[in-house]
Every structure is written in structure tokens, then in C-alpha cells.
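Visitor: I would like to go through this structure by question and answer. Please show it first.

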Amino acid sequence: MSPSPLREGLVLNTSLTETLSVALLAGVLACALVRPWGWPEAVVAVPAALVLLGTGVISLDQARSVAQRLGPVIGFLAAVLVLAQLSDDEGLFRACGSWMARAAAGRPRRLLLAVFVLASVVTAVLSLDAAVVLLTPVVFATAARLGARPRPHVYACTHLANTASLLLPVSNLTNLLAFAASGLSFTRFAALMALPWLVAIGAEYAVFRRFFASDLDAGAEAPLAAEAPDVPVFVLAVVACTLAGFALASAAGVNPAWAALAGTAVLAARGLAQRRTTPAAIARAANVPFLLFVLALGIVVRAVVDNGLAGALGHLVPADITLPSLLATAVLSAVLANVINNLPAVLVLLPLAAPVGPGAVLAVLLGANIGPNLTYAGSLATLLWRRIAREHDSGVDLGEFTRLGLLTVPAALILAVLALWASLHVIGG
Amino acid sequence: MPEPVPVTVIAWIVEGTWPACVDAAATHAPEGADIVLLHVTGPDVPGAAHGAYAGLLGRGRPERDPGSRLQELAATSAQRLQRAAADRLGRPCRGLERSGRIEREVVATAEGAGLLIVARDGDRSHLGPRSLSPATRFVVDHAPCAVLLVWPEAAPAVATIPPPPPGPPRPPE
């Protein structure tokens, strides 16, 4: 029996839509890596999403459901980005430098411990962007001021921006996406991730102390005079209240993004009143092109997932949350994150993991957040492009980055999965 | 008769261990020597920050890249270190700031020098093994001139040397 013409047309259509959506995703990701002519990533991602809508590859209803799911996530993300920038304007990160210098008391190993504590807390509360962009220079300046070799401390900050971003939904954009898909409350998410967070940080710390032993033994000087840091009381209080607001909102069944928005509004009002910031600076901190990129990427990925990828990858995500299944999910996510980037990896894996349950979603996060430390630029694709473009990379010892990654990532990932499995058993998914 | 060319003595100054090298230069460099205080800034620390920022997909805004800020901070910190070292030496000297793969830059600079002064910077709790970090080991191994290797603090006692491995079994007498 020959296939009916209708059936043939449908097959052709399906393969066409599949090809188009995969090609557009590849284009969006390639442009996000390469940033031709310095364009914001949204310049390519938004038209790509519009093409998928215009050609009917993704229906208006599907796009609307993506926008409805991602809208609050993006609002939350914007609030946290602005909150971190306003905290910096208020002197929070300067104060972090003074605390670290005092805690170190001229001893590099104590400085490393202080960096671990602060970088973990900053990442968890103000997100990994804050740790990378705002805290890393402070950590370097503090090490230099103490005459300590900066390498272990700066590497710690960049590693923890990934590893310590497991704790709260606000710590990482990947978490915000997973949080929206998991159906977990804010406090339940944090409770389930607390043990994996601690264990993964502990694994990093143990490796760092040995890996950088000679840099840490080289010594340092005690800070000149006991400089008493100005404690930025106001911003600390606002951040603490925002954190409490997350828990309260979650208990009251309100989206915790409102708490982030409230904290940001308070700091913004004060910053504007004291002329420490301007409306334009606040808008810049919210990084609207980035928010548009996230929305457009979400729509493009949805098209790819709906047009075949779900079927192709579906059997790779285990359908239960036994220990081996959690481990397999986390490793799959880490591998995918290392090939392209953890953001598209999470967008692809979430629709597959969400039906399995919150445990599987959190396992995806363990892989996506810890995994990027394996390659120094977060993924092989980024690394490859930076090598081709010779961006800032002349002479960087990739061997050392990779050795450190090979020592930390598998250990942190396996221990974190064990901790998640234990948490799921004790607290329940 | 042509004037003798002054011997060049290079003190490699590194965060944490530099005072010992400067003190050794003050003690061992002959009168009139051309003393060079060499500091090398490696690309890896700003590189780690560049890499971390590159891993944040979609943020755009290259002016926010913390690696560039670290490069500026590293330059300032190197100048401060050079000044502190010159003050401690208290003799005529010149500072030399290089950037690149640290161990290779040190070896390249040492070509034609009379003496290179290097501090131990590995595990210094006892004499021997691993009292040199990998970079310092490379420099000592490859130096194209005489090397003076100093302890940043008083050397540990000889009794701290780990016991020798058991010898091969002796043939029965």
C-alpha cells in the first residue's frame, strides 16, 4: 500500500519544521557565542523566535504558554540583577573586601576560607552574575592588598559562582527556570538543595586546599592597621528582609518575585534619593536585551523540543528518581552543559525531567550548575570560539584549568547527587 | 682596557616570597652589579575571570567583563610590589615587569645574566621533596645562568628530611 498524499505532505512538513527549528537554534546559540559586530544576543534570538511564529512552526498558543511561564522568571531575574547592582552602589562588595582582609589576618589559607564563605553566600543570595562581575575584582584586590598570591582566591570565586548557585531559585537563571517548571515552593526548593549545596562547596574546598597548596603556603602580610570596615547596615537589612520575604511569599502562595521586586524598589528609592544611582543606570542593570534573549531562546528551544528533540532525548532521561537515575540525569545535564552551555541545556532537559518530578528537575540543575567548571569558559563551544577568536586567551594554561575541573567537578557532582537523594528521602520530593 | 661589563643579578619577585630574594640580592650582588627586580604577571588569573564571564550566555556588555578589571588591578599591584621591593633593597636597581607564561618569561629574561635569585615556594614545612612549586621547578631546571635558591624563612632542620627508602635487599653473607 502506498502512503496517502496527505501523509507524505505531513512527513515532509514535519522534517521541514524540525530542520528549520534546529537551524534557528544553532544560529541563535552561535550568535550568542560569537556576538558578530558586538550585537546584543537578542538581535538574532528575537527575529529567530518571530520566524518560528510567522512560519507556524510554533503556534501562537505555544508561544504564549512559554511567555506565561518565562514572564515571571524574567521579572524575577531582572529584580535580582538590579538588586545586586544597587547593593554594590551601596558599598556591599567593598565591605566584603574589608571583611575578607580582616578574617584572613595575613594568612592565605584563612583568606581562602573567607572567600569560600562570602562567594558562596553572595552567589546564593544575589546570583552568580554578582559573584562573577562584582565579587571577583574585590577578591583579587583583597588578595593583592594582603600580598597573597591571587590565583587560588580568584579561581575559588569563579568556581563557586557555578557550584554555590545550587541553593536558592534566585541563585542562577537555570534555577529560576527549573523552579518555575518544578512546582516546588521557594522554601522547599531551598530545603532540598541545602545539603547538595553544602556538600558540593565542601568538595571544592577540599580540592582547592590541596591543588593550590604552594600558592597558599607562599604567605601574605597582615592588613595595615586594623581597618574597621563601614558596615553597610541598610543594604544588609534590605537583603535580609528580601530573603525573609521569599520564604513568607512562598508560604503565602505568592510568587516570591514580588519580594525581590520590593527589596529592589526600596534600594532603588534610596539610591535615587541619595543620587547614588540614576533611572538609566537601573535600567542598564536590568539588562533588557538579556531578558529578551532569554524569552526568545525559550521560544526557539520549545520549538526544537516539540519538533522531535523530545522524542530523541526522551529515553535518555530516566523515568524515576532512584539514586542511579538521579546520577544519570545529572551527568547527562553536565555533559550537555559542557558541550554548548548550561542555559540551553536546562531549557532542553526541563520539559523531559519535569514530568518525572521535582527530584529529576533538581538533578538536572546539579549537572547544569556544577558541570560548567569542567571547561574554563563554561562550555566547549565557548572555549573553541575563544581560541579561534584569540580573545584574551594568549598563554592561558588550559591544562591547569582542566585539571582543576577534572578534580572538582566529578567529586562535587557525585557527592551532591548523593546529598540530593538523601534530602529527597528525608524531606520528600 | 675596556671597562668590565657589570654583572647582571636578577631577583625574581613573587607575591608572598619576594623579601627573601631581595635580601639575598642585597647580600650577594657584587658592588656595581646591575640588579634587576623581575616580576611577571601571568595571564591565568584575569583569564579565569574572562572565562567565567564568557560562560554567562547572553549577558552581552563586554565592558562588564571582570577579567579586564583584573588586568588593571594586576598592573597596579605589580607596580606596588616593585616599589616595595626597591625600597627594601635600598641599592640602585631597576624594575622589570613582564607578562606571559611566568616560568618561561623568567627563563627568557635570565639569558645572559650572571645570577638569578629564586625563592622556594612549595611545601616548606621540611627539607625536600616538593619545596618548589611547578613554576619554580621549571625555572631552576631550565635557567640559562647560575641560580641562587633561597628559603623565604629560616630553613627547616636537617632532621626534617624524610627517611630514605629501604635499600635493596642485601645478598646473604
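Visitor: Which residue of chain B forms a salt bridge with A:Arg151?
Guide: The model is a predicted one. A salt bridge requires a side-chain nitrogen of Lys or Arg within 4 Å of a carboxyl oxygen of Asp or Glu. For A:Arg151 the closest N and O atoms of the pair are 3.8 Å apart, and the partner is B:Asp44.

Visitor: How many salt bridges does the rule find across the interface of chain A and chain B?
Guide: The pair A:Arg151 and B:Asp44 is a salt bridge. Polar contacts, taken with both residues at pLDDT 80 or more, come to ten residue pairs across the interface of chain A and chain B. For salt bridges across that interface, the rule finds three.

Visitor: Which helix gives the largest share of the side of chain A that touches chain B?
Guide: The contact takes 49 residues from chain A and 39 residues from chain B. Of the chain A side, ten residues come from one helix, and this is the largest share. That helix spans residues 128-145 of chain A and is α6.

Visitor: What area is buried between chain A and chain B?
Guide: Carbon and sulfur atoms give 61% of the area buried between the two chains. The total is about 3600 Å².

Visitor: In what order do the five strands of the open sheet in chain B run?
Guide: The edge strands are β3 and β5 (146-150) of chain B, each of which pairs on one side only. β5(B) pairs with β4(B) in the parallel sense over five bridges, and in this pair B:Leu116 stands opposite B:Val147. The pairing in the sheet is parallel, and the order is β3-β2-β1-β4-β5.

Visitor: What angle does the direction of α4(B) make with that of β2(B)?
Guide: α4(B) packs on the sheet and touches β1, β2, β3 and β4 of chain B. Its buried residues are B:Glu103, B:Glu105, B:Val106, B:Val107 and B:Thr109. What covers them includes α5 (134-142) of chain B as well as strands such as β1 (8-12). The angle between the directions of α4(B) and β2(B) is about 160°.

Visitor: Which helix of chain B is among the elements that the buried residues of α1(B) pack against?
Guide: Helix α1 covers residues 18-28 of chain B, and its buried residues are B:Trp18, B:Ala20, B:Cys21, B:Val22, B:Ala24 and B:Ala25. They pack against the strands β1, β2, β4 and β5 of chain B. The helix in that list is α3 (66-89).

Visitor: Is A:Arg35 buried or exposed?
Guide: Most residues other than glycine have a negative phi. A:Arg35 is not a glycine, yet its phi is positive at about 45°. This residue is found in the loop between α1 (5-34) and α2 (42-54) of chain A. Buried means under 20% relative accessible area; A:Arg35 has 19%, so the residue counts as buried.

Technical notes: Residues are numbered from 1 along each chain as its sequence is written. Chains are lettered from A and ligands numbered from 1 in the order in which they are written. This is a predicted model: local features need pLDDT of at least 70, side-chain atom pairs count only at pLDDT 80 or more; totals for chains, interfaces and linings use all residues. Side-chain values use heavy atoms; hydrogens and water are left out. Buried means under 20% relative accessible area, exposed over 50%, partly exposed in between (1.4 Å probe, protein chains only). Helices (H or I, at least four residues) and strands (E, at least two) are DSSP runs, numbered from the N terminus. Contact means heavy atoms within 4.5 Å. Two strands pair if DSSP finds at least two bridges between them. Axes are lines fitted to C-alpha atoms, for helices over the stretch in contact, and angles run from 0 to 180 degrees between N-to-C directions. Buried area is the accessible area (1.4 Å probe) that two parts lose on being put together, summed over both. A polar contact is a pair of N or O atoms within 3.5 Å; within protein, one must be able to donate a hydrogen and the other to accept it, and residues adjacent in sequence count only if both atoms are side-chain atoms.
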